[in-house]
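Please read the following note alongside the sequence and the model. Each numbered point takes up one topic.

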Protein chains: 2
Amino acid sequence: MSAEQEVLERIARARRRAPRLREERITMAHGAGGKATQTLVEALFLEAFRDPLLARLEDQAVLGLGAQRLAFTTDAFVVSPLFFPGGCIGDLAVNGTLNDLAVGGARPQFLSASFIVEEGFAVADLRRIAAAMAAAADAAGARIVTGDTKVVQRGKGDGCYVTTAGVGLVERDVTLGAATVRSGDAVLVSGPIGDHGITIMLARGDLDLAADDLLSDTACLWPLVDDLLEVAPGVRCLRDATRGGVATILNEIATAAQVGVVVEEGAVPVRDSVRGACELLGIDPLYVACEGRMVVVVDGADAEPALAALSRHALGRGAARIGTVGDEPPGLVLLRTQFGGTRIVDLLVGDPLPRIC
Amino acid sequence: MSAEQEVLERIARARRRAPRLREERITMAHGAGGKATQTLVEALFLEAFRDPLLARLEDQAVLGLGAQRLAFTTDAFVVSPLFFPGGCIGDLAVNGTLNDLAVGGARPQFLSASFIVEEGFAVADLRRIAAAMAAAADAAGARIVTGDTKVVQRGKGDGCYVTTAGVGLVERDVTLGAATVRSGDAVLVSGPIGDHGITIMLARGDLDLAADDLLSDTACLWPLVDDLLEVAPGVRCLRDATRGGVATILNEIATAAQVGVVVEEGAVPVRDSVRGACELLGIDPLYVACEGRMVVVVDGADAEPALAALSRHALGRGAARIGTVGDEPPGLVLLRTQFGGTRIVDLLVGDPLPRIC
């Protein structure tokens, strides 16, 4: 075994250990979607709730109810600012939850909407948020059928938090999931990555930067998923690349399936404005959230028709094949850089871009 | 028409007008479950989402999916303090959502759990909350199958907010709802009211008061509902009496069914400690929240077996018949006081007991 292989093996072994939550206090990193979130979820919530459906760690639970298969999911949204180029917390909250259904192969049906509003929040802004939610649900053919509103004192919230839950129908005989991925599969992304995360960072005005052409990519991916599943029965796993970005998803897949994922850096589609902002921020675009892009892992034999199906669709413009699944190194993601080197792509550590969704 | 009747008629007319949201800013009253909440929901959310299932204004949406009827609901929980005698935000969040299913006649099945945690929150407290949720779900035979966690900066939350959504199965051929109530029905409550709300107020320590015997009534009502529906097919409407209390629910029923509800003050079960605290606070126990009590409206002919079914059950100890539904005055709730007088019981105005759930 070479020195390099030894290192990889040591890391992979560490990854397989049961996670332990060492912190006594919650930090922003626990909400970033990366390593700390994973530890929190596994060591605290999975441990407490002990449910095999939850333990799958997919974006949705698929429930057998009589003859039907329902998908069920929830997400809380705490994005700051509430309004940003290309969207607001309202469409984000609808699309985000619908996407968690869509990547489970479920046609979106019903949504719940729950609001935690800070005293003093402008009614006009709440109206804009509700209108955006209604428009996003309409566009996706989903209905908002139940809800709740709570108000907290000034200084106990941040304007408005929105939590949505969704119910969808899995109509096809597919079982998608990270654990089904195997050696020989291809890894695709449905379009340029990082637009949403960088849009939010720029909208905060913390950076002395502007990108006139940059908008959040928030969108419901179901139409794209629907087309994709129609032409590519070899699709194994879909994930929308939100918190933690594409890198985190690929790590989750590598861990769940105990496969090695190799990504070609040069093949990853990133807009110039996103790449420029990432360089200034010192972060890798692979960790930046999207809200309307997904990672597709598909049987290598179906990679071409799958990529063609994505590319035909407006939501899949700029789709690309970015990597390959192999047997080695099990549980790890490697990046082949444009200069011919190779490095490990780890789970996101810390929280460089807090509250982007 | 007598002067009194004229006043009643004028009020009833005002109630039938489409609500208008006049405030420019959200106030605590918008979260209290009373008049301001109703206006916010009808003038803003119903207006934006325009869905007939939502417009029913029940605690849950009942969805036809193939051969099955599913109930779907959500609630956000922002209770302060997070831990109190008899429970914590965790069991409250599970029981509250399961009760919204139960009062729709649905057997609880699946839950989602979404957390908005403030940076710096103690991991041990989050563990206690999760353990309480697991225990409450287990006790009710429900499973927590999907979830989400977000972290917000210190000062942008208040420890931990929990939003749950629930899916249940409506197995019986019943359609419960406020609009089905009619003249001649009886109004029951399943036990002494106000325990939860007063427990929370005392736990805050704002009052120089203690009541050693007082605990939150948080509980899942499904077993009680299940027994009740078995023996009393004449049940028209069930509502768990949370924010806004029994008074608000009766008003919602009076409005939805355009009936008059007459409540006998002397028949309403209230513990001495709750009554004492209410007197000090200057509030009527009819407006104080419970988290494990429900209002039952049942065909008068079924009132006795219904009351007997409630009383047989541990969750229904102290159940009582508190009133009667008549034709007059349509849309209003009247209280016959213990001194022989009559007064209107309006929707809750303002927010005397903020963040009790």
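1. Buried means under 20% relative accessible area, exposed over 50%, and partly exposed in between, with a 1.4 Å probe and protein chains only. By this scale Ala131(A), at 41% relative accessibility, counts as partly exposed. Ala131(A) belongs to helix α5 (residues 123-140) of chain A, where helices (H or I, at least four residues) and strands (E, at least two) are DSSP runs numbered from the N terminus. Ala131(A) and Gly90(A) are 41 residues apart in sequence and 7.8 Å apart in space, C-alpha to C-alpha.

2. This is a predicted model, in which local features need pLDDT of at least 70, side-chain atom pairs count only at pLDDT 80 or more, and totals for chains, interfaces and linings use all residues. Residues are numbered from 1 along each chain as its sequence is written, chains are lettered from A and ligands numbered from 1 in the order in which they are written, and side-chain values use heavy atoms, with hydrogens and water left out. The pLDDT is the predictor's confidence in each residue, from 0 to 100. Chain A averages a pLDDT of 94, and 97% of its residues score at least 70. For the complex, the predictor gives an ipTM of 0.96 and a pTM of 0.96. Where pLDDT is low, the predicted coordinates should not be read in detail.

3. How many residues of chain B are in contact with chain A? The number is 79, and they meet 79 residues of chain A; contact means heavy atoms within 4.5 Å. The area buried between the two chains is about 6700 Å², of which carbon and sulfur atoms give 67%; buried area is the accessible area (1.4 Å probe) that two parts lose on being put together, summed over both.

4. Six salt bridges are counted between chain B and chain A, a salt bridge being a side-chain nitrogen of Lys or Arg within 4 Å of a carboxyl oxygen of Asp or Glu. Asp51(A) and Arg143(B) form a salt bridge through their side chains, at 2.7 Å from N to O.

5. Over all chains, the structure contains 40 salt bridges. In one of them, the side chains of Glu252(A) and Arg239(A) meet at 2.6 Å, N to O. This pair links distant parts of the chain, with Glu252(A) in helix α8 (residues 245-257) and Arg239(A) in strand β9 (residues 235-240) of chain A, 13 residues apart. Glu252(A) is partly exposed at 24% relative accessibility, whereas Arg239(A) is buried at 4%.

6. Within chain B, Asp185(B) forms a salt bridge with Arg236(B), the closest N and O atoms being 2.8 Å apart. Asp185(B) lies in the loop between β7 and β8 and Arg236(B) in strand β9 (residues 235-240) of chain B, 51 residues apart.

7. The structure holds zero disulfides over all chains, a disulfide being a pair of cysteine sulfur atoms within 2.5 Å. For Cys220(A), the nearest cysteine sulfur is that of Cys290(A), 16 Å away. Cys220(A) counts as buried, at 13% relative accessibility.
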